[in-house]
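Q: Could you walk me through this model, starting with the ligand site and then the backbone?

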Amino acid sequence: MEDNYKHKGLRKKLAEIVKNKGILNSAVLEAIETVPRHLFFSDSAFAYIHAYDDKAFPIGSGQTISQPYTVALQTELLELNSGEKVLEIGTGSGYQTAVLACFGVKIYSIERVKTLYDKTRVLMAKLKIQAKLFYGDGYLGLPTFAPFDKIIATAGAPSIPPALLQQLKIGGIMVIPVGEGSEQIMKRIIKKSENEYVTEEHGVCRFVPMLEKRVEEK
Ligand code: SAH
(Lines give C-alpha, C1' and ligand atoms only; values in the text may rest on other atoms or scores of the structure.)
Protein backbone atom coordinates (compact mmCIF):
# COMPACT_ATOMS: atom_id res chain seq x y z
CA MET A 1 0.00 0.00 0.00
CA GLU A 2 2.88 2.31 -0.76
CA ASP A 3 2.34 5.69 -2.38
CA ASN A 4 5.70 7.32 -3.03
CA TYR A 5 7.10 10.42 -4.77
CA LYS A 6 7.34 8.50 -8.07
CA HIS A 7 3.61 7.75 -8.05
CA LYS A 8 2.86 11.35 -7.12
CA GLY A 9 4.98 12.61 -10.02
CA LEU A 10 3.20 10.27 -12.45
CA ARG A 11 -0.18 11.46 -11.18
CA LYS A 12 0.78 15.07 -11.74
CA LYS A 13 1.61 14.18 -15.35
CA LEU A 14 -1.65 12.25 -15.69
CA ALA A 15 -3.66 15.26 -14.47
CA GLU A 16 -1.82 17.36 -17.07
CA ILE A 17 -2.75 14.85 -19.84
CA VAL A 18 -6.40 14.88 -18.75
CA LYS A 19 -6.37 18.69 -18.68
CA ASN A 20 -4.94 18.81 -22.21
CA LYS A 21 -7.80 16.58 -23.37
CA GLY A 22 -10.27 19.25 -22.23
CA ILE A 23 -11.07 18.81 -18.52
CA LEU A 24 -11.10 22.29 -17.02
CA ASN A 25 -12.60 21.80 -13.55
CA SER A 26 -9.71 22.28 -11.13
CA ALA A 27 -11.29 20.18 -8.35
CA VAL A 28 -11.57 17.26 -10.80
CA LEU A 29 -7.92 17.64 -11.86
CA GLU A 30 -6.92 17.78 -8.21
CA ALA A 31 -8.82 14.53 -7.55
CA ILE A 32 -6.95 12.81 -10.42
CA GLU A 33 -3.73 14.08 -8.87
CA THR A 34 -4.76 12.82 -5.42
CA VAL A 35 -6.19 9.31 -5.89
CA PRO A 36 -3.45 6.61 -5.93
CA ARG A 37 -4.73 4.71 -8.99
CA HIS A 38 -1.97 2.08 -8.72
CA LEU A 39 -3.60 0.74 -5.54
CA PHE A 40 -6.81 -0.12 -7.43
CA PHE A 41 -5.12 -2.79 -9.60
CA SER A 42 -4.99 -6.42 -8.50
CA ASP A 43 -1.60 -7.05 -10.15
CA SER A 44 0.92 -4.71 -8.53
CA ALA A 45 3.73 -5.47 -11.01
CA PHE A 46 1.41 -4.48 -13.87
CA ALA A 47 0.23 -1.41 -11.94
CA TYR A 48 3.83 -0.35 -11.39
CA ILE A 49 4.23 0.08 -15.16
CA HIS A 50 0.75 1.07 -16.35
CA ALA A 51 -1.36 2.59 -13.54
CA TYR A 52 -0.78 6.17 -14.71
CA ASP A 53 -1.35 5.57 -18.42
CA ASP A 54 -4.54 7.27 -19.54
CA LYS A 55 -6.11 3.93 -20.42
CA ALA A 56 -8.69 1.42 -19.18
CA PHE A 57 -7.26 -1.93 -17.99
CA PRO A 58 -8.61 -5.36 -16.96
CA ILE A 59 -9.35 -5.79 -13.23
CA GLY A 60 -10.54 -9.43 -13.30
CA SER A 61 -14.03 -10.92 -13.68
CA GLY A 62 -14.02 -9.61 -17.28
CA GLN A 63 -14.27 -6.00 -16.04
CA THR A 64 -12.08 -2.91 -16.39
CA ILE A 65 -10.84 0.05 -14.36
CA SER A 66 -12.07 3.11 -16.30
CA GLN A 67 -9.75 5.38 -18.26
CA PRO A 68 -8.74 8.41 -16.12
CA TYR A 69 -9.94 10.87 -18.79
CA THR A 70 -13.38 9.22 -18.77
CA VAL A 71 -13.49 9.25 -14.96
CA ALA A 72 -12.61 12.96 -15.04
CA LEU A 73 -15.21 13.71 -17.74
CA GLN A 74 -18.03 11.93 -15.91
CA THR A 75 -17.05 13.58 -12.61
CA GLU A 76 -16.95 17.02 -14.23
CA LEU A 77 -20.37 16.51 -15.86
CA LEU A 78 -21.90 15.61 -12.47
CA GLU A 79 -21.19 19.14 -11.07
CA LEU A 80 -20.76 17.76 -7.55
CA ASN A 81 -21.35 19.76 -4.39
CA SER A 82 -20.23 18.66 -0.95
CA GLY A 83 -22.94 16.80 1.00
CA GLU A 84 -24.89 15.61 -2.06
CA LYS A 85 -26.19 12.04 -2.32
CA VAL A 86 -24.61 10.25 -5.25
CA LEU A 87 -25.59 6.84 -6.65
CA GLU A 88 -22.93 4.99 -8.64
CA ILE A 89 -23.72 1.95 -10.82
CA GLY A 90 -20.67 -0.30 -11.34
CA THR A 91 -18.24 0.00 -8.41
CA GLY A 92 -15.66 -2.17 -10.17
CA SER A 93 -12.19 -1.44 -8.77
CA GLY A 94 -13.50 1.52 -6.75
CA TYR A 95 -11.29 4.03 -8.60
CA GLN A 96 -14.18 6.23 -9.79
CA THR A 97 -15.72 5.90 -6.32
CA ALA A 98 -12.49 7.20 -4.76
CA VAL A 99 -12.50 10.18 -7.15
CA LEU A 100 -16.11 10.98 -6.16
CA ALA A 101 -15.13 10.75 -2.48
CA CYS A 102 -12.71 13.69 -2.97
CA PHE A 103 -15.81 15.90 -3.30
CA GLY A 104 -17.22 15.19 0.15
CA VAL A 105 -20.37 13.58 -1.26
CA LYS A 106 -22.37 10.70 0.26
CA ILE A 107 -21.71 7.76 -2.04
CA TYR A 108 -23.94 4.72 -2.61
CA SER A 109 -22.28 2.38 -5.10
CA ILE A 110 -23.67 -0.86 -6.57
CA GLU A 111 -21.68 -3.75 -8.07
CA ARG A 112 -23.29 -6.85 -9.59
CA VAL A 113 -20.24 -9.17 -9.48
CA LYS A 114 -19.83 -10.55 -5.96
CA THR A 115 -16.07 -11.20 -6.19
CA LEU A 116 -15.43 -7.58 -7.21
CA TYR A 117 -17.78 -6.25 -4.55
CA ASP A 118 -15.96 -8.29 -1.86
CA LYS A 119 -12.50 -7.26 -3.04
CA THR A 120 -13.30 -3.57 -3.41
CA ARG A 121 -15.05 -3.43 -0.03
CA VAL A 122 -11.82 -4.56 1.66
CA LEU A 123 -9.74 -2.05 -0.32
CA MET A 124 -12.04 0.90 0.47
CA ALA A 125 -11.85 0.10 4.17
CA LYS A 126 -8.03 -0.08 3.99
CA LEU A 127 -7.83 3.26 2.15
CA LYS A 128 -10.44 4.76 4.53
CA ILE A 129 -12.64 5.85 1.63
CA GLN A 130 -16.16 6.64 2.81
CA ALA A 131 -18.73 4.97 0.55
CA LYS A 132 -21.66 2.63 1.10
CA LEU A 133 -21.14 -0.36 -1.19
CA PHE A 134 -23.93 -2.69 -2.29
CA TYR A 135 -23.93 -6.05 -4.04
CA GLY A 136 -26.91 -5.83 -6.37
CA ASP A 137 -28.37 -4.97 -9.76
CA GLY A 138 -27.83 -1.33 -10.67
CA TYR A 139 -30.74 -1.40 -13.12
CA LEU A 140 -32.98 -1.28 -10.06
CA GLY A 141 -31.09 1.50 -8.30
CA LEU A 142 -31.52 1.74 -4.54
CA PRO A 143 -35.17 2.68 -3.86
CA THR A 144 -34.60 2.61 -0.08
CA PHE A 145 -32.05 5.43 -0.26
CA ALA A 146 -33.64 7.46 -3.10
CA PRO A 147 -33.89 10.20 -4.21
CA PHE A 148 -30.32 11.04 -5.28
CA ASP A 149 -28.88 14.42 -6.28
CA LYS A 150 -26.60 12.77 -8.80
CA ILE A 151 -26.38 9.37 -10.51
CA ILE A 152 -23.37 8.02 -12.40
CA ALA A 153 -23.23 4.77 -14.37
CA THR A 154 -19.82 3.36 -15.26
CA ALA A 155 -21.12 0.57 -17.49
CA GLY A 156 -22.79 1.04 -20.89
CA ALA A 157 -26.59 0.70 -20.77
CA PRO A 158 -28.59 -0.15 -23.92
CA SER A 159 -31.13 2.46 -22.79
CA ILE A 160 -31.64 4.64 -19.73
CA PRO A 161 -33.01 2.48 -16.89
CA PRO A 162 -36.42 3.91 -15.82
CA ALA A 163 -35.79 3.13 -12.12
CA LEU A 164 -32.74 5.41 -12.18
CA LEU A 165 -34.67 8.29 -13.74
CA GLN A 166 -37.29 7.86 -11.07
CA GLN A 167 -34.72 7.88 -8.25
CA LEU A 168 -33.14 11.15 -9.45
CA LYS A 169 -34.16 14.31 -7.58
CA ILE A 170 -35.82 17.12 -9.50
CA GLY A 171 -32.91 19.36 -10.50
CA GLY A 172 -30.61 16.33 -10.28
CA ILE A 173 -28.09 15.13 -12.88
CA MET A 174 -27.44 11.65 -14.24
CA VAL A 175 -24.35 10.82 -16.32
CA ILE A 176 -24.58 7.53 -18.19
CA PRO A 177 -22.98 5.92 -21.26
CA VAL A 178 -25.85 4.76 -23.50
CA GLY A 179 -25.64 2.37 -26.41
CA GLU A 180 -25.44 -1.27 -27.40
CA GLY A 181 -22.18 -2.85 -28.55
CA SER A 182 -18.67 -1.69 -27.65
CA GLU A 183 -19.24 2.06 -28.13
CA GLN A 184 -21.70 4.30 -26.35
CA ILE A 185 -22.66 7.99 -26.22
CA MET A 186 -21.95 9.74 -22.93
CA LYS A 187 -25.29 11.26 -21.95
CA ARG A 188 -26.08 13.83 -19.30
CA ILE A 189 -29.69 13.96 -18.20
CA ILE A 190 -31.05 16.81 -16.12
CA LYS A 191 -34.38 16.17 -14.41
CA LYS A 192 -36.49 19.30 -14.79
CA SER A 193 -39.72 18.01 -13.26
CA GLU A 194 -41.29 14.63 -12.40
CA ASN A 195 -41.53 13.76 -16.11
CA GLU A 196 -39.46 16.37 -17.96
CA TYR A 197 -35.81 15.79 -18.80
CA VAL A 198 -33.12 17.61 -20.75
CA THR A 199 -30.61 15.28 -22.43
CA GLU A 200 -27.17 16.32 -23.65
CA GLU A 201 -24.58 14.25 -25.51
CA HIS A 202 -20.91 14.37 -24.59
CA GLY A 203 -19.10 12.25 -27.15
CA VAL A 204 -18.36 8.63 -27.83
CA CYS A 205 -16.96 6.34 -25.13
CA ARG A 206 -16.24 2.65 -24.53
CA PHE A 207 -17.49 0.82 -21.46
CA VAL A 208 -18.18 -2.79 -20.55
CA PRO A 209 -21.94 -3.47 -20.77
CA MET A 210 -24.37 -2.87 -17.93
CA LEU A 211 -25.86 -6.33 -17.35
CA GLU A 212 -28.97 -7.34 -15.46
CA LYS A 213 -29.07 -9.36 -12.23
CA ARG A 214 -26.27 -9.79 -9.75
CA VAL A 215 -23.86 -12.73 -10.10
CA GLU A 216 -21.42 -14.58 -7.82
CA GLU A 217 -18.65 -14.64 -10.44
CA LYS A 218 -18.45 -13.99 -14.15
N1 SAH B 1 -15.77 2.73 -12.35
C2 SAH B 1 -15.24 1.39 -12.38
C3 SAH B 1 -15.60 0.78 -13.71
C4 SAH B 1 -15.75 -0.68 -13.64
S5 SAH B 1 -16.30 -1.42 -15.14
C6 SAH B 1 -13.73 1.44 -12.20
O7 SAH B 1 -13.14 2.48 -12.49
O8 SAH B 1 -13.14 0.45 -11.79
C9 SAH B 1 -18.04 -1.43 -14.88
C10 SAH B 1 -18.55 -2.20 -13.70
O11 SAH B 1 -19.96 -2.21 -13.75
C12 SAH B 1 -18.11 -3.67 -13.66
O13 SAH B 1 -17.49 -3.94 -12.44
C14 SAH B 1 -19.43 -4.44 -13.80
O15 SAH B 1 -19.45 -5.67 -13.10
C16 SAH B 1 -20.43 -3.44 -13.23
N17 SAH B 1 -21.82 -3.62 -13.66
C18 SAH B 1 -22.30 -3.95 -14.88
N19 SAH B 1 -23.65 -4.01 -14.86
C20 SAH B 1 -24.03 -3.69 -13.60
C21 SAH B 1 -25.29 -3.60 -12.94
N22 SAH B 1 -26.46 -3.85 -13.55
N23 SAH B 1 -25.30 -3.26 -11.63
C24 SAH B 1 -24.15 -3.01 -10.95
N25 SAH B 1 -22.94 -3.11 -11.52
C26 SAH B 1 -22.87 -3.44 -12.83
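The chat below takes up the ligand, then a pair of strands, then some backbone angles.

Q: Before we start, what kind of model is this, and how are the residues numbered?
A: This is a predicted model, in which local features need pLDDT of at least 70 and side-chain atom pairs count only at pLDDT 80 or more, while totals for chains, interfaces and linings use all residues. Residues are numbered from 1 along each chain as its sequence is written, and side-chain values use heavy atoms, with hydrogens and water left out.

Q: OK, how many residues surround the ligand?
A: There are 26, and the closest are Thr64, Ser93, Glu111, Gly138 and Leu211; a residue counts as near if one of its heavy atoms lies within 4 Å of the molecule.

Q: And how does that shell divide into nonpolar, polar and charged?
A: Twelve of its residues are nonpolar, eleven are polar and three are charged.

Q: Which element gives the most to it?
A: That is strand S2, with three residues; S2 (63-65), helix H5 (95-101) and strand S4 (106-111) each supply at least two. Helices (H or I, at least four residues) and strands (E, at least two) are DSSP runs, numbered from the N terminus.

Q: What does Glu111 do there, in terms of distance to the ligand?
A: A polar side-chain atom of Glu111 lies 2.6 Å from a ligand oxygen atom, which falls under polar contacts, here pairs of N or O atoms within 3.5 Å. On the backbone side, an N or O atom of Gly138 is 2.7 Å from a ligand nitrogen, and a polar backbone atom of Arg112 is 3.3 Å from a nitrogen atom of the ligand.

Q: So how much of the ligand is buried by the protein?
A: The protein buries 99% of the 580 Å² that the ligand exposes when taken alone, with areas from the Shrake-Rupley method and a 1.4 Å probe.

Q: Switching topic, how do S8 and S9 pair?
A: Strand S8 (residues 184-193) and strand S9 (residues 196-205) are antiparallel over eight bridges, where pairing requires that DSSP finds at least two bridges between the strands. They form a hairpin with two residues between them, and Gln184 stands opposite Cys205 in S9.

Q: Where is the cis peptide bond?
A: It runs from Ala146 to Pro147, with omega near 5 degrees, and Pro147 is in the loop between strand S5 (132-135) and strand S6 (148-153).

Q: And which residues other than glycine have a positive phi?
A: Among them are Ser61, at about 55 degrees, in the loop between strand S1 (57-60) and S2, and Lys128, near 55 degrees, in the loop between helix H6 (114-126) and S5.

Notes
A polar contact is a pair of N or O atoms within 3.5 Å; within protein, one must be able to donate a hydrogen and the other to accept it, and residues adjacent in sequence count only if both atoms are side-chain atoms. Ala, Val, Leu, Ile, Met, Phe, Trp, Tyr, Cys and Pro count as nonpolar, Asp, Glu, Lys and Arg as charged, and the others, Gly among them, as polar.
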